[in-house]
Amino acid sequence: MEITVAIDAMGGDHGVHVTVPAALSYAKRDPEVNIVLVGLSDVIEAELKQHDVPAGARLRIHHAAEVIAMDDPPSIAMRNKKDSSMRIAVNLVKSGEANACISAGNTGALMAISRFVLKMLPGIERPAIATTLPTMRGHTCVLDLGANVDCTAEHLLQFGIMGAMLVSAVDHKPSPTVGLLNIGEEATKGNDMVKNAAELLRRSHLSFFGNVEGDDIYKGTTDVVVCDGFVGNVALKTSEGLAQMLGTFLRQEFQRNLLTRLAGLIALPVLNAFKHQVDHRHYNGASLLGLRGIVIKSHGSADCTAFQFAIERAVEEVRNGVLHRISEQMTLLAEEVA
């Protein structure tokens with residue numbers, strides 16, 4: 001299956017110095033994937049020259065005259081930068097010239113542009129940001145991570161359907177379990193919105209596990225964890241801060257004196273194995289679910305390795321028909337309600 005992905009080559013903290021080499025590396029290991037590098041053509045060409053690789057049939061350049069900065073307000077990016085690399089990359093998905101697009105740029109701008117250009121799938125009221133997090137049992141999909149601060153119970157049901165279809169497609173799980181993030185496992189816990197969402201999920205055709213708590217995310221209690229964007233973003237940022245703190249504490253302790261440095265050398269194989277297992281780069285690439293097209297948001301500070309995983313996420317979603325699966329389930333939901 002031949003797949004074309006459009007990459008916002010100018011997006012992120014490092015721009016072409018990450019996006020271009022990552023695209024080159026990914027193209028080498030997946031001969032079925034064609035890549036369109038969108039951005040300032042002279043800058044992209046200069047980076048390709050550094051790697052001694054010319055543009056060709058499988059790796060072409062699509063010029064864009066503007067770049068959306070990481071601090072540009074979404075409204076400015078939408079109205080005033082219609083020839084930006086991000087906007088054109090999304091437009092290529094809209095026109096069918098690309099099957100998916102990946103950007104490490106401004107999250108708010110990417111969400112706003114994608115929603116405006118691609119529109120929503122039938123039955124989906126709001127898009128959701130979904131990402132994969134490592135757990136003690138493998139990994140789990142969490143959504144929404146910040147696209148929607150204020151949600152209704154119906155929105156959380158839609159998030160559950162989208163998350164389940166994503167996991168079903170990419171992880172090849174016929175009936176992934178769905179948990180609703182709450183302050184307790186009991187059905188009586190939580191605010192009215194969460195309680196109503198739990199009832200909708202319980203009545204749905206999904207494999208609803210019930211309420212889950214924050215620690216269940218990393219236990220891997222369910223395949224999918226559903227929450228509103230406010231809660232999801234706080235949980236994600238808290239997790240990132242905790243990981244940074246633990247890493248800092250470990251380095252400080254191992255460098256405290258000669259004895260701890262020696263202990264660090266002895267423990268190095270174990271530490272390296274642990275680092276590889278929880279390496280955030282392997283989970284880079286958040287899906288903007290609910291749109292009429294596949295859009296993947298890479299972390300802005302992603303390096304070449306991390307950005308390749310974002311490309312891989314986009315390709316997997318195309319190959320496994322994520323959009324079709326979500327559309328089918330929303331049609332089924334509409335029939336059940338009718």
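Predicted model: local features only at pLDDT ≥ 70, side-chain atom pairs only at ≥ 80, totals over all residues.
Residues are numbered from 1 along each chain as its sequence is written, and side-chain values use heavy atoms, with hydrogens and water left out. Local features need pLDDT of at least 70 and side-chain atom pairs count only at pLDDT 80 or more, whereas totals for chains, interfaces and linings use all residues.

Helices (DSSP runs of H or I, at least four residues) and strands (runs of E, at least two) are numbered from the N terminus. Helix H1 (residues 16–29) packs on helix H2 (residues 41–50) at an angle of about 60°, and their axes are 10 Å apart. Axes here are lines fitted to C-alpha atoms, for helices over the stretch in contact, and angles run from 0 to 180 degrees between N-to-C directions. H1 and H2 are therefore oblique to each other (under 35 degrees counts as roughly parallel, over 145 as roughly antiparallel, 65 to 115 as roughly perpendicular and the rest as oblique). Their crossing is right-handed, the near helix being turned clockwise from the far one by less than a right angle. In the contact (heavy atoms within 4.5 Å), Val16, His17, Val20, Pro21 and Leu24 of H1 meet Val43, Ile44, Glu47 and Leu48 of H2. These residues comprise seven nonpolar, one polar and one charged; Ala, Val, Leu, Ile, Met, Phe, Trp, Tyr, Cys and Pro count as nonpolar, Asp, Glu, Lys and Arg as charged, and the others, Gly among them, as polar.

Helix H4 (residues 85–95) and H5 pack at about 35°, with axes 10 Å apart, in a right-handed crossing. From H4, Met86, Arg87, Val90, Asn91, Val93 and Lys94 take part, and from H5, Ala109, Leu110, Ile113, Ser114, Phe116, Val117 and Leu118. The contact of H4 with H5 has nine nonpolar, two polar and two charged residues.

Lys119 is found in the loop between helix H5 (107–118) and strand S5 (128–135). Phi of Lys119 is near 70°, a positive value in a residue other than glycine. Lys119 also lies over the face of Phe116, at 4.7 Å from the ring centre (the criterion is NZ of Lys or CZ of Arg within 6 Å of the ring centre and within 35 degrees of the ring normal). A search of the whole structure finds zero aromatic pairs, for which the centres of Phe, Tyr or Trp rings (the six-membered ring of Trp) must lie within 6.5 Å.

A cis peptide bond, with omega about 10°, joins Leu143 and Asp144. Asp144 is found in the loop between strand S6 (138–143) and H6. The axes of helix H6 (residues 153–170) and helix H7 (residues 192–203) come within 8 Å and cross at roughly 45°, which makes H6 oblique to H7. Ala153, Glu154, Leu156, Leu157 and Gly160 of H6 make the contact with Met193, Asn196, Ala197, Leu200 and Leu201 of H7.

Notes:
Phe/Tyr/Trp six-rings, centres within 6.5 Å; stacked < 30°, edge-to-face > 60°.
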